[in-house]
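Trainee: Can we go through this one together? I would like to start with the terms.

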Amino acid sequence: MARRTGRSAWIAAPIRALLQRFAFLLLLASAVGLILLSRIDRPVVERSRALVADVFEPILSAVAQPVSVVNAAIGWVDDILFVHEENFRLRTENARLLQWQEVARRLEQDNASMRRLLAAGPDLTNRFVTGRVIADGGGSFVRTALLNIGAKDGVKKGQAVIGEGGYVGRVAEVGYRASRILLLTDLNSRLPVMLQEGGHRAVLTGDNSPFPRLEYLSGAAKPAVGMHIVTSGDGGQFPVGIPVAEITSVDGGVRVRPLVDLGRLDFLRVMQFDETRVEAEDPAAVMPPLLPQASSPASSPQASPAPAPKKP
């Protein structure tokens, strides 16, 4: 037994020494190889990452349970510390909302009356599927999160993800039971938006900082601190009007602050936006003509052109 132990130690000692000496080079070569592989064959890398996410989804879901309990306890303590201030704010907001309630009811009645008058079709329906964040992929070069819902729940690549307060990001990778979200602060995030006041179009560009940039804003626009920006719907991927961020700085470029606290994500909704409309069999049944249609010459003798007057 002692001979076997000594022989194993004699064989393992050089191998251990080589690994300790060249460990850094091996790790560096592995990192470079993974980067090259992701650039050469990106679909394969995406499928591999989705497969790994599906495998580790049950483990991450179990680990996320105590973390969510701790976060809930911290939020509960914060609410107790600021309960008086929050109560005053809610009372003021409630009084203001009661004033708008009657206005909203009248507008709803007017809208319904106008829609019946125009025989307008139904609005575009937005369905949601709710999932929980089970892992945070935040780092120096990436801003992502992992949800415990995937293709089996109807999640598709490119769908918008909504949090408590507004837009969070979009689905970047989809597995069968899990999906990865690209947050709006990520370096690869580009979102068509518009100013809520004025409707001027722009593109919200992430740069891995907490405050994304607002680019390609028209010269006629006059952004100011406190203005809100919403999705513009350009491209048809997202609906119009999803709250996104608030302008915080206009000096040296427009910077915005997301309306959702991206550092405390828990439950999120994936918007299954469908831009298609139901086609009616008879277009006249959807939108009746505003002017009477002229009858064909064969059906009415009045439609025939009048004879030209005879020359004297």
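Mentor: Buried means under 20% relative accessible area, exposed means over 50%, and partly exposed is in between (1.4 Å probe, protein chains only). This is a predicted model, where local features need pLDDT of at least 70 and side-chain atom pairs count only at pLDDT 80 or more, while totals for chains, interfaces and linings use all residues. Residues are numbered from 1 along each chain as its sequence is written, and side-chain values use heavy atoms, with hydrogens and water left out.

Trainee: OK, what is the average pLDDT of the chain?

Mentor: The average is 78, and 77% of the residues score at least 70. pLDDT is the predictor's confidence in each residue, from 0 to 100.

Trainee: Where does pLDDT stay under 50?

Mentor: Over residues 276-307. For that stretch the model has 14 contacts beyond four places in sequence, a contact being heavy atoms within 4.5 Å.

Trainee: How many helices and strands are there?

Mentor: The chain has 4 helices and 12 strands. Both are DSSP runs numbered from the N terminus: helices are H or I with at least four residues, strands are E with at least two.

Trainee: And how much of the chain is buried?

Mentor: Buried residues are 26% of the 312 in the chain. The accessible surface is about 22200 Å², and carbon and sulfur atoms account for 61% of that. Such areas come from the Shrake-Rupley method with a 1.4 Å probe, and for residues only the protein chains shown count as cover.

Trainee: Change of topic. How many salt bridges does the count come to?

Mentor: The count is 9, where a salt bridge is a side-chain nitrogen of Lys or Arg within 4 Å of a carboxyl oxygen of Asp or Glu. One of them joins Asp266 to Arg132, with the closest N and O atoms 3.3 Å apart. That pair links distant parts of the chain, 134 residues apart: Asp266 is in the loop between strand S11 (254-258) and strand S12 (267-273), and Arg132 is in strand S1 (residues 126-136).

Trainee: Is Arg132 buried or exposed?

Mentor: Arg132 counts as buried because its relative accessibility is 16%. Asp266, at 30%, counts as partly exposed.

Trainee: What else does Arg132 touch?

Mentor: Not counting residues up to four places away in sequence, its contacts include Ala64, Gln65, Ser68, Leu146 and Phe267.

Trainee: Which side chain does Asp153 meet in a salt bridge?

Mentor: That of Lys152, at 3.4 Å from N to O. Asp153 has 28% relative accessibility, so Asp153 counts as partly exposed. Lys152 also falls in the partly exposed class, at 43%.

Trainee: Which residues are linked in a network of salt bridges?

Mentor: Asp207, Arg213, Glu215 and Arg255. Glu215 is partly exposed at 23%, and Arg213 is partly exposed at 27%.

Trainee: Now the inside. How many residues has the largest nonpolar core?

Mentor: It has 38 residues, and Tyr167, Leu204, Ile229 and Val244 have the most contacts inside it. S12 gives the most to this core, with 4 residues. A nonpolar core here is a set of buried Ala, Val, Leu, Ile, Met, Phe, Trp, Tyr and Cys residues joined through side-chain atoms within 4.5 Å.

Trainee: What is Ile229 in contact with?

Mentor: Leaving aside neighbours within four places in sequence, the list includes Val193, Leu195, Leu204, Val244 and Val256.

Trainee: Which nonpolar residues form a patch on the surface?

Mentor: Ile15, Leu18, Leu19, Phe22, Phe24, Leu25, Leu26, Leu28, Val32 and Leu36, with about 990 Å² of accessible area together. Patch residues have over 30% relative accessible area and no salt bridge; like charges are joined within 9 Å, and nonpolar side chains (Val, Leu, Ile, Met, Phe, Trp, Tyr) within 5 Å.

Trainee: Where is Leu36 found?

Mentor: In helix H1 (residues 2-40). Leu36 counts as partly exposed because its relative accessibility is 49%.
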